[in-house]
Amino acid sequence: MNNKGNLIVFSGPSGVGKGTLLKKCLAELPNVQYSVSATTRAPREGEVNGREYHFMSQEEFLALVEQGGMLEYASYNGNYYGTPKAFCEELTSAGTDVVLEIEVQGALQIKKLYPRAQMIFIMPPSIEELENRLCGRNTETAEAVAGRLAIAREEMGQA
């Protein structure tokens with residue numbers, strides 16, 4: 001990567017409010033581009049392919065990984081998530097800063113590969129509030145929420 005533009009990584013537990021903060025930041029910083037992540041999870045109600053995520057099958061995702069087409073990727077709560085490489089390389093080579101909204105495993109990969117990346121970790125006010133937010137989405141089973149909370153505790157320890 002040419003590194004003319006910067007990688008700016010927003011990370012933190014699921015449900016912490018990364019997306020909300022990013023929307024406000026991107027509205028104030030028109031010269032910064034948002035990188036849409038890829039995932040193997042099913043779309044939630046109202047999500048559009050290419051807007052919230054690039055939704056793909058596990059086979060498609062793993063083929064892209066094998067071809068070196070991901071900047072970073074990780075398995076999270078039973079699904080794969082990753083950052084398509086071509087988009088980020090094209091923009092940073094042209095001098096544009098790119099914002100990634102990724103989970104902690106991916107953020108650690110980015111930090112190792114791109115030490116100049118700016119890392120921002122968002123903490124929840126409390127684990128109880130995080131649980132309220134995850135449950136309030138009404139998009140996942142109690143088991144899935146419990147899995148996300150267990151992962152969040154680990155991630156907060158790595159902050």
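Visitor: How much space lies in the largest pocket?
Guide: In this predicted model, the largest pocket holds about 930 Å³ of space.

Visitor: And which residues lie nearest its centre?
Guide: Those are G19, R44, Y53, E101 and R137, which belong to a lining of 33 residues.

Visitor: How does that lining divide into nonpolar, polar and charged?
Guide: The lining of the largest pocket has 15 charged residues, alongside 9 nonpolar and 9 polar ones.

Visitor: Which helix or strand gives the largest share?
Guide: The largest share comes from α1, with 6 residues, and the elements that each supply at least two residues are α1 (18–28), β5 (70–76), β6 (79–84), α5 (127–137) and α6 (142–158).

Visitor: Switching topic, how many salt bridges does the structure hold?
Guide: There are 3 salt bridges in the structure, and one of them joins R41 to E47, with the closest N and O atoms 2.9 Å apart.

Visitor: Is R41 buried or exposed?
Guide: R41 has a relative accessible area of 7%, and because buried means under 20%, it counts as buried.

Visitor: What about E52, which residue does it pair with?
Guide: E52 forms a salt bridge with R51, where the closest N and O atoms are 2.7 Å apart; E52 is partly exposed at 24% relative accessibility, and R51 is partly exposed at 47%.

Visitor: Where in the structure are E129 and R133, and how far apart?
Guide: Both are in helix α5, 4 residues apart, so about one helical turn separates them, and their side chains meet in a salt bridge at 3.2 Å, N to O.

How values were computed
Residues numbered from 1 in each chain as written. Predicted model: local features only at pLDDT ≥ 70, side-chain atom pairs only at ≥ 80, totals over all residues. Heavy atoms only, no water. 1 Å grid on protein atoms, 1.4 Å probe; cavity = no way out; pocket = protein on both sides within 12 Å on 5 of 7 lines; lining within 4 Å. Points joined across faces, edges and corners; volume = space filled by probe spheres on them. Nonpolar A, V, L, I, M, F, W, Y, C, P; charged D, E, K, R; others polar. Salt bridge = Lys/Arg side-chain N within 4 Å of Asp/Glu carboxyl O. Buried < 20%, exposed > 50% of the residue type's maximum accessible area, 1.4 Å probe, protein only.
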